[in-house]
Amino acid sequence: MIRAGIIGGTGYTGGELLRILSKHPEVEVVAVTSRREKGRKIHEVHPHLKGFYEIEFIEPDIDRLSECDVVFTAVPHGEAMRYVPELYESGLKVVDLSADYRLRKDKYEEAYGKTHEAYIEAVYGLTELHREEIAKARLVANPGCYPTGAILAAAPLAELELIERVIFDSKSGISGAGVSPTEFTHYPNLHEAIVPYKITDHRHYYEMEQELGRFQEDVRISFTPQVFPGSRGILTNAHIFLKGELEQDELEKIYRKFYDCSYFIRFQKAVRLSYVRGSNFADISINRGADRAVVVSAIDNLVKGASGQAVQNMNVMFGLDEWAGLDFPPLFP
Ligand SMILES: NC(=O)C1=CN([C@@H]2O[C@H](COP(=O)(O)OP(=O)(O)OC[C@H]3O[C@@H](n4cnc5c(N)ncnc54)[C@H](OP(=O)(O)O)[C@@H]3O)[C@@H](O)[C@H]2O)C=CC1
Ligand SMILES: CC(=O)N[C@@H](CCC(=O)OP(=O)(O)O)C(=O)O
């Protein structure tokens, strides 16, 4: 069995890692940290996991994680870099869910407006794009939730350098903002609303630019995030203005070929968040219009957008089937 540790086990992605790993056939979770809840049982913080774990939260102390084969860092960006270098140097495999290692150093510093004091080169963990490098990696930087849905929607066309311009219009459930309540997440502020924010300057733009730019250097990207009053899911409408003429069937062929061996990519006529909820699937629909193609993607932000993809990456790093412990259907309705 692979012995797994989680730093940040009381948060939403930490809780989701615990849920997924509880049924993983090759993994035992041996250490889960919390500064606030140390000494308490897992189900005292995550009542939905009652009956699945006996262990208690421990202090985030690297020595206590040394018995692990893999550690997931599920803490806010800026905090993961306190732990990742030491974990990495101790020879463990690390999957970091934060933004600390996703970007090249200069881009990180531009996007986050500060010097990265603990930089290590990592593999960007969008599994469908980087499987071979992930298989050899000891540090995988799990992608942001918005970039996961957006990049998956545009990568097949970027690979062929067919994008004139792409506009990502994305709507996220509020669990993307983490477990701590804020004015932004406060019920009356969000209820019956769809709230655009960071309309022209969200930091996830840099991940989209970096990853699509690997395929097509001159790709032009715009991105606007919004939140809706639901817990889970990110729906992205990718408005793709194409270079040259491409019919619907040609577009479909390009996407099917690109995602040929990708278990978690499903092509659907209609894409709904409710068809992927609770699962690691990314559903995609392709719609050719007169002036552009609109590729719609749907993911669960806590699963394919975070903890599910982190487990998918761990599977690849340990040579397991990519879908091990993740081949469960979505929760509908
Ligand atoms: N929510 C989402 O949809 C997604 C989140 N992510 C990223 O994953 C990471 C975790 O997100 P999420 O679970 O939502 O965050 P939460 O805010 O829900 O939880 C983070 C947890 O980290 C712990 N923590 C905070 N600071 C530290 C620290 N310095 N040392 C140790 N533990 C710390 C806290 O636990 P305690 O106080 O008990 O120690 C807290 O419960 C973030 O970087 C986030 O951006 C990525 C993709 C999607
Ligand atoms: C709804 C909401 O607030 N979403 C978060 C993104 C969640 C995520 O993926 O953030 P990381 O890059 O930090 O991992 C935001 O806009 O900042």
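The UniProt annotation "active site", from an unreviewed entry, covers Cys-145; UniProt positions are given in the numbering used here, feature names are shortened, and annotations may be inferred rather than shown by experiment. The structure is a predicted model, in which local features need pLDDT of at least 70 and side-chain atom pairs count only at pLDDT 80 or more, while totals for chains, interfaces and linings use all residues. Residues are numbered from 1 along each chain as its sequence is written, and chains are lettered from A and ligands numbered from 1 in the order in which they are written.

Cys-145 is placed in helix α6. Helices (H or I, at least four residues) and strands (E, at least two) are DSSP runs, numbered from the N terminus. Cys-145 counts as buried because it has 28 C-beta neighbours inside 10 Å; the cut-offs are 20 or more other C-beta atoms within 10 Å for buried, 12 or fewer for exposed, and partly exposed in between, with C-beta atoms placed from the backbone. Leaving aside residues up to four places away in sequence, Cys-145 touches Ser-172, Gly-176, Ile-234, Asn-301, Gly-305 and Ala-306. Contact here requires C-beta atoms, placed from the backbone, to lie within 7 Å.

Helix α6 (residues 145-159) lies across β8 (163-172), β10, β11 (234-242), β12, β13 (282-288) and β14 (293-299), and runs at about 30° to β11. Axes are lines fitted to C-alpha atoms, for helices over the stretch in contact, and angles run from 0 to 180 degrees between N-to-C directions. Helix α9 (residues 248-258) also packs on the sheet, where it touches β12, β13 and β14, and its direction makes about 155° with that of β13.

The sheet is open and has seven strands in the order β9-β10-β8-β11-β14-β13-β12, with mixed pairing; two strands pair if DSSP finds at least two bridges between them. β9 (195-196) and β12 (265-267) stand at the edges with a single partner strand each, so one side of each has no neighbour in the sheet. β9 pairs with β10 (residues 221-227) in the antiparallel sense over two bridges, and Pro-196 stands opposite Gln-226 in β10.

In helix α8 (residues 205-215), the residues Tyr-205, Tyr-206, Glu-207, Met-208, Glu-211 and Leu-212 are buried. These buried residues pack against α4, β6 (123-124), α5 (127-136), α6, β8 and β10.

The protein is divided into domain 1 (2-121) and domain 2 (145-301), with bounds from an automatic or database domain assignment. Nine residues of domain 1 are in contact with seven residues of domain 2. Helix α4 (residues 105-112) gives the largest share of the domain 1 side, three residues.

Notes: Contact = placed C-beta atoms within 7 Å.
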